[in-house]
Amino acid sequence: MSILQNNSKESQCYVNPLCKFFKKLQLKRCVTRAGFQKKRGPSANDMIIGSISSGFIAENLHAAANSSASKILPVCESSMYRFMEGTNGNWEQLSLNIAHEAYKKIDSLNSSREKSRYCFVFDDSILEYPKAKKMELCTWTFDHNEGCSVRGYSCLQMGWTDGESYLPLGSKLLASDEESESFQKKHTQKACPDAICKTGLDKRTHASQIRTEAEERTKPELVVSWIKRAIKNGVKASYVLFVGN
């Protein structure tokens with residue numbers, strides 16, 4: 001926690017509460033269980049604390065790194081981005097680990113009647129990027145609100161709620177199968193024909209698994225696997241809700 005110093009009056013109101021918050025959620029243990037490791041320099045825990053803290057200082061990491069509170073970041077901006085682009089750490093598992101710690105705190109405060117209202121919540125939204133040219137796995141995706149295909153991703157999200165609180169459990173960007181015959185009948189050209197795809201990734205890494213799931217797994221399959229995974233990690237619910245547009 002040594003990086004979270006009061007380096008400016010601007011960051012003081014944000015940094016102090018976060019130290020206690022990270023400790024209560026046992027962030028260090030969550031990071032270790034999710035497979036994040038660093039051989040040199042600041043620990044993976046410090047890097048993640050810095051990236052989360054930057055969101056409370058400015059609108060993004062770049063703005064935080066160029067603000068008067070940039071000293072709370074353990075390393076420079078480029079090193080922060082390289083860490084977040086790593087292929088070994090499991091960001092989905094980290095999100096689930098943190099949610100489980102928060103879930104235990106909330107569950108201990110609820111009565112048996114309130115526990116019967118626990119729900120898993122799923123939302124399927126479209127993230128549109130009309131000017132995308134080289135974005136990886138950016139495809140033509142049908143937007144039911146617009147009634148047409150748009151350039152972007154289908155974002156499937158899962159959360160947990162007791163009616164008062166909400167905990168995000170995971171999210172995934174899904175791509176359309178642009179190689180299928182039905183797709184090629186509707187579109188003569190791919191959404192991002194110049195997309196830069198990362199090749200040579202070890203199939204055992206989480207980054208490779210994310211790309212495989214984005215292209216090959218269907219939404220019903222992901223919903224079922226996420227529910228099983230959440231229950232296995234100790235998050236319980238009595239109902240499953242689907243948010244409609």
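Leucine 127 lies in strand β1, where helices (H or I, at least four residues) and strands (E, at least two) are DSSP runs numbered from the N terminus. The model is predicted, so local features need pLDDT of at least 70 and side-chain atom pairs count only at pLDDT 80 or more, while totals for chains, interfaces and linings use all residues. Residues are numbered from 1 along each chain as its sequence is written, and side-chain values use heavy atoms, with hydrogens and water left out.

Together with Tyr129 and Leu173, Leu127 makes a nonpolar surface patch of about 230 Å². Such patches are made of residues with over 30% relative accessible area and no salt bridge, with like charges joined within 9 Å and nonpolar side chains (Val, Leu, Ile, Met, Phe, Trp, Tyr) within 5 Å. The areas come from the Shrake-Rupley method with a 1.4 Å probe, and for residues only the protein chains shown count as cover.

Strand pairing comes next; two strands pair if DSSP finds at least two bridges between them. Strand β1 (residues 119–128) runs antiparallel to strand β3 (residues 148–161), and ten bridges join them. Within this pairing, leucine 127 has tyrosine 153 of β3 as its bridge partner, and serine 125 has cysteine 155 of β3. Strand β1 also pairs with strand β5 (residues 239–243), this time in the parallel sense and over five bridges. There, valine 121 stands opposite leucine 241 of β5.

Strand β2 (residues 139–143) pairs with β3 in the antiparallel sense over five bridges, and threonine 141 has valine 150 of β3 as its bridge partner. These two strands form a hairpin with four residues between them, and glycine 147 in the turn has a positive phi of about 75 degrees. Strand β4 (residues 166–174) is antiparallel to β3 and is joined to β3 by eight bridges; here glutamine 157 stands opposite serine 171. The hairpin of β3 and β4 has four residues between the strands, and glycine 163 takes a positive phi near 100 degrees. Why is β3 largely enclosed by the rest of the structure? Eleven of its 14 residues are buried, so the strand is largely enclosed.

A pair of aromatic rings is described by the distance of the centres and the angle of the planes. Rings of Phe, Tyr and Trp (its six-membered ring) pair if their centres lie within 6.5 Å; planes under 30 degrees apart count as stacked, over 60 as edge-to-face and the rest as tilted. A search of the whole structure finds ten aromatic pairs. One of them is edge-to-face and joins phenylalanine 36 to tryptophan 91, at 4.8 Å centre to centre with 70 degrees between the planes. This pair links distant parts of the chain, 55 residues apart: phenylalanine 36 sits in the loop between α2 (27–33) and α3 (44–57), and tryptophan 91 in helix α6 (residues 91–109). Phenylalanine 36 counts as buried at 8% relative accessibility, whereas tryptophan 91 is partly exposed at 32%. The rings of tyrosine 103 and tyrosine 118 have centres 6.0 Å apart and planes at 70 degrees, so this pair is edge-to-face. Because tyrosine 103 lies in helix α6 and tyrosine 118 in the loop between α7 (112–115) and β1, the pair ties together parts 15 residues apart in sequence. Both tyrosine 103 and tyrosine 118 are buried. Ring pairs also link Phe36, Phe83 and Trp91 into a cluster.

Charged side chains complete the picture. A salt bridge is a side-chain nitrogen of Lys or Arg within 4 Å of a carboxyl oxygen of Asp or Glu, and the count comes to six. In one of these, glutamate 101 meets arginine 29, with the closest N and O atoms 2.8 Å apart. Glutamate 101 lies in helix α6 and arginine 29 in helix α2, so the pair ties together parts 72 residues apart in sequence. Glutamate 101 counts as buried at 2% relative accessibility, while arginine 29 is partly exposed at 39%. Arg29, Glu101 and Lys104 are linked in a network of salt bridges.

Key
Buried < 20%, exposed > 50% of the residue type's maximum accessible area, 1.4 Å probe, protein only.
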